[in-house]
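Okay, everyone, let's get started. Have a look at the sequence and the structure on the screen, and I'll walk you through a few spots.

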Amino acid sequence: MDMEQHISRRIGVIGTGTFGRALAKRLVHSGYDVIIGSRKPACRILSEYDECLCDVQLTTITECVTLCEVVFVALHSEHFADTLTPLTDIFTDKITIDVSNRDSPSSKTSNAELLQSLLPTATVVKAFNTTSAYVMDNDIAGGSRKIFIASNAVIARDRVSNLARDMGFGPVDLGGLTSSRRMEAYVTRLFPEWKMPVLVTCVIFGIWCLYTIYDYYIVYTYSYDQLFLTVLNMPICTTAITLMALIYMPGCFAAFMQMTYGTKHKPFPKWMDAWLKSRKQLGVLCFILIMAHVLMSIMLISPANYGSWFHSTAVTIPANLTHDLHLPMKTVMIWKGEAASLAGIVAFILLCLLATTTLPSVSDSLNWREWRFVQSSLGFTMLCMSAGHVLIMGIPGWMDAGFPKVLTFFSFLSLILPVSVVLMKLILLLPCVDKYVSKIRKGWERNTRRLHTNTGSTDERHCEEGM
């Protein structure tokens, strides 16, 4: 019994590269007996790389596979054929874990499927390919701790899942070996879900920048000394509140579409589906811009830059000869400055709370109702407070300017989308509308009811004809 337990704790690693050594070290720290197989064991001295590998047995690949039930293949895929094919017989019934990756994704085959074709009697498992050697070797390193696992053998997937847990990782079972194509494609991606949100943000920011240049340097004559903070702060904050509206707008559109369709089962258009899936990325970009706006505003907030926020007073020096000398001064904030600041602070705190709940460590601790409350209810409140912040700043100027000049104000233009979203949300919150949407999202279908009614009438007509 002890001998069987010892064999089950014996793990083989083929390959003495960076990842193979990191894998062996992690296994040793997890209590496993590790044997490393190399094509040239006599030329390798593991202790030169890490003292923790001093007691690890280094041998030939043949002996490593023979002695172990579970074997990691830490080789590049181009070496599979010449290194492993001659050893096909000794791989029979061995759980063979492929950790390799491709240079470019492929929808036709994967390295794991290639390995399975070269070793048909082995049980190939794809795993550990999404973890770097640095994360494997360092407990405090950043990076994902999830280990995706794919294999055609359920028992092998379970065995590797337990192995991953012992090593301090979280296994995720993806099913059959064809899932290894997605696993290998995953590590070749470079922020694919960020491309469209970043492009949209850049376009919106560019539009606001052009309008800012027109307003500040063509309509008015601002000093170029104010370009880097005072002027740049305007397109940053207007882009941020525009993105904020774009985050919550697709949810409203989705509800109206479902009411129009009369069912939740009809898929959304592709552009709508992509918009819904990009909300998190838009939220992160919005948070970054808001942070920049807050820091810039803190540096700029003074009577010189926000004169309408402060009380005006003057010091008068009596004249000795001709006339008095008046020195105008700004003192404490008036209601506009304090109200706008309070609304902005509350909105920023809510935005920080929303950003915090997107962290995996926080979101994993929330149930669905809690997460939805924060992201939906508090998010909508944050949008209202942000709109209120802009509204308080803009209304006094609107009243002085009048129509149609007010249509050119930044505060007015930047509120068009947020106010539209707020109005749509208020419509959806009406009891009759909310009840109808909830009924659809619980599975009720308007066309089904109509079909049942028509079918019932037909059946009744047949019954009457039969009588």
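So, R26 is found in helix 2, residues 18-29. When I say helix or strand, I mean DSSP runs, with helices being H or I of at least four residues and strands E of at least two, numbered from the N terminus. Before I go further, this is a predicted model, where local features need pLDDT of at least 70, side-chain atom pairs count only at pLDDT 80 or more, and totals for chains, interfaces and linings use all residues. Residues are numbered from 1 along each chain as its sequence is written, and side-chain values use heavy atoms, with hydrogens and water left out.

Back to R26. Is R26 buried or exposed? At 10% relative accessibility, R26 counts as buried. Buried here means under 20% relative accessible area, exposed means over 50%, and partly exposed is in between, with a 1.4 Å probe and protein chains only. What does R26 touch, then? Setting aside neighbours within four places in sequence, R26 is in contact with V135, M136, D139, R145, M167, G168 and F169. A contact, by the way, is heavy atoms within 4.5 Å. With M136 there's also a polar atom of the R26 side chain lying 3.4 Å from the backbone oxygen of M136.

A salt bridge is a side-chain nitrogen of Lys or Arg within 4 Å of a carboxyl oxygen of Asp or Glu. How many turn up in the whole structure? A search finds eight salt bridges, and I'll show you some of them.

K25 pairs with D137, at 3.1 Å from N to O. That one links distant parts of the chain, since K25 is in helix 2 and D137 is in helix 6 (residues 133-137), 112 residues apart. K25 is buried, with a relative accessible area of 14%, while D137 is partly exposed at 38%.

Next up, R159 and E69, whose closest N and O atoms are 3.5 Å apart.

R157 is buried, at 12% relative accessible area, whereas D173 is partly exposed, at 40%.

And then there's a network: D98, K126 and E184 are linked by salt bridges. Keep those three in mind, please.

Which residue touches D98, K126 and E184? A112 does, and A112 also touches V124, L177 and S180, not counting residues up to four places away in sequence. A112 lies in helix 5, and A112 is buried, with a relative accessible area of 0%. The C-alpha atoms of A112 and S179 are separated by 9.8 Å, although these residues are 67 apart along the chain.

Let's zoom out to the whole of helix 5, residues 111-118, where the buried residues are N111, A112, E113 and L115. They pack against strand 4, helix 4 (80-84), strand 5 (95-98), strand 6 (123-126) and helix 8 (180-186).

One more stop: helix 13. L351 lies there, and at 7% relative accessibility L351 counts as buried. L351 touches F287, I290 and M382, leaving out residues up to four places away in sequence.

Which residues meet where helix 12 (279-300) packs with helix 13 (335-357)? From helix 12 we get F287, I290, M291 and V294, and they meet F348, L351, C352 and A355 of helix 13.

To finish, the overall picture. The protein has 19 helices and 10 strands. Of its 467 residues, 39% count as buried. And among contacts between residues at least 6 apart in sequence, 68% join residues at least 24 apart. Thanks, everyone!

How values were computed: Polar contact = N/O pair within 3.5 Å; in protein donor to acceptor, adjacent residues only side chain to side chain.
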